[in-house]
Every structure is written in structure tokens, then in C-alpha cells.
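Q: Hi! Could you walk me through the aromatic rings in this one?
A: Happy to, let's have a look together.
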Amino acid sequence: MPVPAAGRQTARALLPFYDRLSKLINTRLVSLRLLAECRTVRPDVLLVIKGANLRASVLRRIRRRVRPLVNWYGDSLLTPGAAEFVERNSAMYDFFFIIDDRRALERVRVRSPHVATLPFACDAEFHRPAVLTPEERARYGSPVAFVGTILPSRESVLGAVRDLGLKIWGPSRNPWGTWNPERSPLRSNWQGRPAWGEEAVKIYSASDVTLDIHFSVGEPGPICNVTARVFEVPACGGFLLTNACDQLGQLYELGTEMVAYHSAEELRSLTEYYLARPEARRTIAARAQRRARTEHTFKRRLEEMFGHLRRND
């Protein structure tokens, strides 16, 4: 039965309130469930990944029972909207690990007594080369692929390679409402939906070139972190072109294990170069894969984390 226009209008008016109420209820329920688990299990260490859905008041109660409290904040501190949460809640944690380099701390205050950089990583068991059927290779493969949300900065960069066989896998909207695939020059490249999990692994394995574009590409100021794609794509055996940043050179050998661009024009030039040289792509991808699967796994990161905890106990 069709919904009357007045009903649709009322639903649209109430939607923001529903979203806020739903978030409030979810935060309360998750926080109380974590508190109950800590009372039952009594862990020696509590590790929180980001923790945006945990209430500071409940974290204070948990601190009376569990120390240390550790946060591994898996987004850049410079992500729009992150600063308010981090500056408010980071004091609840004894250790706060960030994926950014120290320059991000000049713009966002982290109030934990122990702050250290710990980049994200790959899951060596999950992020591995996919065995694809011919049908899957045709569906997921392309000369050029991008998996992620289309932000204004990314849309501009992707436009430089849209005629090189680009497939875009991402949601139909972004948090700011600026991406409309029906009106975008990239509408023919968009695959109509996002790709997660096993599908993303298949895309990385099947595509000739996978692109990584940081959300702040083209903005003033330095890029202070690498994205998870810098670990996940190589672990799957894929060839990655990523944006240049200082942290990248601390994780891979540039030019032999990882290739980086500084502008949309250079991205197009490098994409054309490596599309025409499959053997060079395979050689670089193999080197990056060895590095990712030996040095940039979650197991190695946790060893680094617990080493830091012991040194600062």
C-alpha cells in the first residue's frame, strides 16, 4: 500500500532523531555489556579498537577493575569528526595507539599518558591470493580498481584514470552527501554497490592495478598515515598504486616494493606505465607481498604493542 505524502514527509523529519536515538541506545547497551564481561572475565588487559560506541562513564567504572586499558585507534586522528571524540575519551585509556605519525598530535590532543604510533596491518590468514573461477575473474577483475567510499578528493583523482578500465566498488553515498553516482562523471565506472570482506580480496587478486587514495589527498598539510589497503592489497598478491606520504617509506622500499604518486597527473602516468608492463607489476607485487605477510601482520603489531606495554609498565 502506498505511503501518503504526509507520512513520507513526517518520516523524513523524524529520521535524524531516529539515528541519534539508535546511536544512543547502541552506545549504552554495548558499554554495559562490556562492563558485565569485565566483571565476569576479569582480564589482565582490555584492548579497545577505536571504541566510538563506548561511554566514558562506563570506561571509568571498568578502570577500577581492569588496568591497563588500551585503545588502538584505527582511523586517522585527522578524519573529520574524530578530534572531538579523541580529545574527550582518550584520557580514559592508559595507552593510546594511533595509526598516524606524530605530526597529527599537533592538531589533535590525545590525553592518554602513553601515546605511540602503531600502523594498521593485514590478517595473513584472510588477506591472501584468492583462487578465482573464470566467471569470478571476469566479475571482479579489471585493469584498474578502487574499493572504498567516494569522497570529493577521491572523485577528482579517480577522474584522471576513468578511461583506463576503472571499476569503482563503493557505497552510493558518503557521510557528507556529496557523492551522487547518477550525476557523477564516474557513473559508468561505479559497480552499483560496495565490496567488503571476501569480495574485496577477490577484487585485489583479480585486478591489474588497485588504487589507494587517502581521504586528505589534495588538501593542505601533510598526510600523516597510510590506509589499511597498503597492507591488505599486497597481502592478497595485488599491485597497489598509493598516494605518497612520509610513513610509507618507513614500511616499504619505495620503487621496488611500493609505488607512490604525488598528483592525479602522476597517477595516470604510473597507471599507464604499469598496465603496459605486467612483469614489472608482478615483481613489485611479490616483493610487497613478502613484506606485508612477514612484517605487517596483526600478529606482529600485537607483539609490538605488548612490548610497548611491558616497557612502560
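A: A quick term before we start: buried means under 20% relative accessible area, exposed over 50%, and partly exposed in between, with a 1.4 Å probe and protein chains only. By that cut-off Trp169 is buried, at 3% relative accessibility. This is a predicted model, where local features need pLDDT of at least 70, side-chain atom pairs count only at pLDDT 80 or more, and totals for chains, interfaces and linings use all residues. Residues are numbered from 1 along each chain as its sequence is written, and side-chain values use heavy atoms, leaving out hydrogens and water.
Q: Why is the pair of Trp72 and Phe120 called tilted?
A: Their planes are at 55°, so the pair is tilted, with centres 4.9 Å apart.
Q: And where do those two sit in the chain?
A: Trp72 is in strand β2 and Phe120 in the loop between β4 and α4, 48 residues apart. Helices (H or I, at least four residues) and strands (E, at least two) are DSSP runs, numbered from the N terminus.
Q: Is Trp72 buried or exposed?
A: Buried, with a relative accessible area of 2%.
Q: Switching topic, which residues form an aromatic cluster?
A: Tyr73, Phe85, Tyr93 and Phe96 form one.

Definitions and conventions
Phe/Tyr/Trp six-rings, centres within 6.5 Å; stacked < 30°, edge-to-face > 60°.
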